[in-house]
Amino acid sequence: MPKVKFYAIKAPEKSQIVTSWAECESLTHGIKGVLFKSFATKAEAEAWIAGIEAPVPAGIRVFVDGSFSPTFAPAGWAYVVVDGDKELARGSGITAFPAESRNIDGEVMASYQAMRWLDANDKNGVICHDYEGIARWAKGEWQAKSNVAQQYVKAVKPYLHRVQFEKVAAHTGVKWNELVDKLAKEAIEKAKKASDKSEKKD
């Protein structure tokens with residue numbers, strides 16, 4: 001039986017807790033000023049709404065994110081590995097080929113690289129992501145129709161025994177999630193500068 005998740009929603013008019021992603025999405029999508037975040041327990045969700053800092057979950061978690069710039073073909077990606085509230089490792093870069101699905105290319109690359117890190121270090125962990133496809137494609141809950149999705153599903157298959165997935169709402173002040181977003185953007189900027197220098201030399 002799947003574990004129940006609690007989605008805490010902070011809104012100017014009304015804050016509430018729901019227990020399905022579909023309901024959370026319907027109450028938050030496209031609405032300005034609304035923050036939301038998922039929790040394993042109702043107590044944690046209530047604490048977050050009340051502004052009380054919830055305890056940092058124990059165990060290894062890997063935050064992943066991707067980025068895209070209209071002026072640069074590849075997507076950026078980044079991951080940060082944490083244990084409790086201590087950073088263990090980080091990685092970032094750009095995709096080898098031009099992005100087919102904008103930042104989604106970066107998101108799936110970040111997840112793949114995170115799983116490779118876990119495997120190389122003989123560890124299991126939770127992949128914390130803000131794009132839903134990261135988990136849905138990997139677990140076979142979404143059909144992988146695009147080339148990006150198909151390549152991702154194939155690449156991560158050997159590592160799935162090491163991971164669980166947790167959706168983290170983007171831009172809601174989660175420290176590590178904000179960090180990987182920043183690192184993915186910086187990876188693009190660094191690659192752009194390197195590309196510009198190379199073109200000037202030529």
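**Charged pairs and the fold**

Q: Is E141 buried, exposed or partly exposed?
A: E141 is partly exposed, at 43% relative accessible area. Buried is under 20%, exposed over 50%, and partly exposed in between, with a 1.4 Å probe and protein chains only.

Q: What should I know about the model before we go on?
A: This is a predicted model, in which local features need pLDDT of at least 70 and side-chain atom pairs count only at pLDDT 80 or more, while totals for chains, interfaces and linings use all residues. Residues are numbered from 1 along each chain as its sequence is written, and side-chain values use heavy atoms, with hydrogens and water left out.

Q: Back to E141. Which residue does R136 form a salt bridge with?
A: R136 pairs with E141, and their closest N and O atoms are 3.0 Å apart. A salt bridge here is a side-chain nitrogen of Lys or Arg within 4 Å of a carboxyl oxygen of Asp or Glu. R136 is partly exposed, with a relative accessible area of 26%.

Q: What is the N to O distance for E141 and K139?
A: For the salt bridge of E141 with K139 it is 3.7 Å. E132, R136, K139 and E141 are linked in a salt-bridge network.

Q: How many salt bridges in total?
A: The count is 11.

Q: Where do E166 and R61 sit?
A: E166 is in strand β8 (residues 163-167) and R61 in strand β4 (residues 60-69), so defined because strands are DSSP runs of E with at least two residues, numbered from the N terminus. Their side chains meet in a salt bridge at 2.9 Å, N to O, and the pair links distant parts of the chain, 105 residues apart.

Q: Are those two buried or exposed?
A: E166 counts as buried at 19% relative accessibility, and R61 counts as buried at 11%.

Q: How many charged side chains are there?
A: There are 29 positive and 26 negative ones, and the centres of the two sets lie 2 Å apart. Lys and Arg count as positive, Asp and Glu as negative, with His and the chain ends not counted. The place of each charge is NZ of Lys, CZ of Arg, CG of Asp or CD of Glu.

Q: New topic. How many helices and strands?
A: The chain has 6 helices and 8 strands. A helix is a DSSP run of H or I with at least four residues. The order along the sequence is β-β-α-β-α-β-β-β-α-β-α-α-β-α.

Q: What fraction of the residues is buried?
A: Buried residues are 45% of the 202 in the chain.

Q: Where is S111, and what does it touch?
A: S111 is in helix α3 (residues 103-120) and counts as buried at 0% relative accessibility. Leaving out residues up to four places away in sequence, S111 touches V64, I127, I134 and Y152. Contact means heavy atoms within 4.5 Å.

Q: And D105, buried or exposed?
A: D105 also lies in helix α3, and D105 is buried, with a relative accessible area of 10%. With the four-place limit again, D105 touches A75, T95, P98, A99, E100 and V148.
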